[in-house]
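Subject: Structure for you to look at

Hello,

Here is the structure I said I would pass on. My notes follow below it.

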Amino acid sequence: MKRTLINLKKNTVIKWAYLGTVTSIIAISMISSNIYPAQASQGMNVEIHTEEEIKEYAEKHSYSEDTSYIELPDLKAPYSAGRLSSDSLNSALNFLNLVRYVAGIPYNVQLDDEYTKLAQTGTMLNAVNGKMEHNPSKPADMDEELYQLGYKGTSSSNLGWGYGSLVSAIKNGWIEDGDANNIDRVGHRRWVLNPTMKKTGFGKTGIYTSMYVFDSTFEKTDQYGVVWPAQVMPTELFGKRYPWSISMGYNVDYESVNVKLTYENTGKVWNFSSSGSDGEFYVDNQWYGQPGCIIFRPDDILGYNDGDRFKVEISGLKENVEYEVKFFDLYIKYGDANKDGIVNSSDAVLMKKYLAGYKDLEINLEACDVNLDGVVTSADVVLVLKKLAGYDVVLGK
Ligand code: CA
Ligand code: CA
């Protein structure tokens, strides 16, 4: 799928658009334990939620990738913006607040009717023009008032192009920000994770998506050290293209900062500084929600998997920052019997061995019960094999 993202910061109009390809996430192969002690962090004050708390929150605030409308957008004169259904709006909102809950910042962002109207009208305007732009031109036959609404929407929002849903735009676009034109600032992510955000609005017209971010009703909050990935991190929300970031809330000196990233499962280390890095390294002091963002992306990462643990140590700031990140699967990966993040023939073989009575197997039985009848039987293996053979089978339903 092709996509485009545009980035913006407060009081500045936009500069560029980027056309890139979304790559799929490939997980690394490993089996590891899922039980860890509580961790201490330093130089940051975001909340830390446990795996259980995050799972419970996600369950209580469900979301879907369906898009439906109360009124369809009309892309022909005299034009109308259309209105998304409350189901679609609330799905996007729930997902946004889930991301914020994971990040340990306020997760009570609400929908604002005016922001939603602006965001929706903005996506209609972009769809009419056939271009994703923060400063779109006026279609000759469009009413000036409608155009101004749309313009206000596009110039105050994260924009996306090519995403099938608002949830996908947030997850795969705005919090990813790993493409060449966004990685040096991760501006969309910082707006999504802006601690002071209180209200937002969403829009979607065809493949154009929008999330209003210039919230003027914000409440002052004191979070600093907002990190992504978060300290307890669902694998579903982070992939190999995703850069790591930490927003300090104050200007950071690029020349002084040193980051050491350690993969605790093996001891492998990556270092990042202005004099050289084992990957990509940036500092951005522009105002995307908060100033002072340190960004790094390690080379040679195939993906992030349940049980992966990392340590981050940052020096050269007002005070040293140190924290750990442990990844976990928020949702059961049905069919992934050996817990390596993918479903393939190795999983079917392992399930067959289990059913044949082999002992001492490392097997995730919960993930093997793909027909959800409470037991692992040959019926589950059959479904996995069908899935692998390309049949239209959904595991875990
Ligand atoms: Ca597997
Ligand atoms: Ca079963």
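I start with a residue towards the end of the chain. L372 counts as exposed because 10 C-beta neighbours lie inside 10 Å, and 12 or fewer is the cut-off for that class. L372 is found in the loop between helix 8 and helix 9. Its backbone stands out: L372 is not a glycine, yet its phi is positive, about 55°. Please keep in mind throughout that this is a predicted model.

Y79 is another non-glycine residue with a positive phi, here about 70°. Is Y79 buried or exposed? Y79 is buried, since 20 other C-beta atoms lie within 10 Å and 20 is enough to qualify. Y79 sits in the loop between strand 3 and strand 4. P78 has its place in the loop between strand 3 (69–71) and strand 4 (83–84), and the peptide bond leading from A77 to P78 is cis, with omega near 10°. A cis peptide bond also runs from W228 to P229, with omega near 5°. P229 is in the loop between strand 10 (226–228) and strand 11 (232–234).

Overall layout

The protein has nine helices and 19 strands. Of its 397 residues, 44% count as buried. Taking contacts between residues at least 6 apart in sequence, 70% join residues at least 24 apart.

In soluble globular proteins, nonpolar side chains tend to be buried together. The largest nonpolar core here has 69 residues, and the members that touch the most others are A92, V99, V102, A103, I170 and I294. Helix 2 (residues 86–103) gives the most to this core, with 10 residues. Which residues does I294 touch, beyond those up to four places away in sequence? I294 touches S245, I246, V252, V257, V259, V283 and I314. Apart from this core lies another one, of 14 residues, with A337, L350, V381 and L383 among them.

Helix packing

Two packed helices are described by the angle between their axes and the distance between the axes.

Helix 1 (residues 51–60) packs with helix 2 at an angle of about 170°, and their axes are 10 Å apart. Helix 1 is therefore roughly antiparallel to helix 2. On the helix 1 side, I54, Y57 and A58 meet L98, Y101 and V102 of helix 2. The residues of this contact are six nonpolar, no polar and no charged.

Helix 2 also packs with helix 5 (residues 166–174): the axes come within 8 Å and cross at roughly 25°. Helix 2 and helix 5 are therefore roughly parallel, as the angle is under 35 degrees. S88, S91, A92, F95, L96 and V99 in helix 2 meet L166, V167 and I170 in helix 5. This contact divides into seven nonpolar, two polar and no charged residues. A92, V99 and I170 come up again here, having been listed among the core members that touch the most others.

Helix 7 (residues 345–355) and helix 9 (residues 378–388) pack at about 165°, with axes 10 Å apart, and are therefore roughly antiparallel. Helix 7 passes helix 9 in a left-handed crossing.

Two single residues

Y304 lies in the loop between strand 17 (293–298) and strand 18 (309–315). Y304 counts as buried because 24 C-beta neighbours lie inside 10 Å. Leaving aside neighbours within four places in sequence, Y304 is in contact with T235, F238 and F327. The C-alpha atoms of Y304 and G341 are separated by 8.7 Å, although these residues are 37 apart along the chain.

E366 lies in helix 8 (residues 365–368). E366 is exposed, because 12 other C-beta atoms lie within 10 Å, and 12 is still inside the limit for exposed residues. Its C-alpha atom is separated by 7.6 Å from that of I332, which is 34 residues away along the chain.

Regards

Terms used: Residues numbered from 1 in each chain as written. Chains lettered and ligands numbered in written order. Predicted model: local features only at pLDDT ≥ 70, side-chain atom pairs only at ≥ 80, totals over all residues. Core = buried A, V, L, I, M, F, W, Y, C linked by C-beta atoms within 7 Å. Helix = DSSP H or I, 4+ residues; strand = E, 2+ residues; numbered from the N terminus. Contact = placed C-beta atoms within 7 Å. Axes fitted to C-alpha atoms, helices over the stretch in contact; angles between N-to-C directions. Parallel < 35°, antiparallel > 145°, perpendicular 65-115°, else oblique. Left-handed = near helix turned anticlockwise from the far one by under 90°. Nonpolar A, V, L, I, M, F, W, Y, C, P; charged D, E, K, R; others polar.
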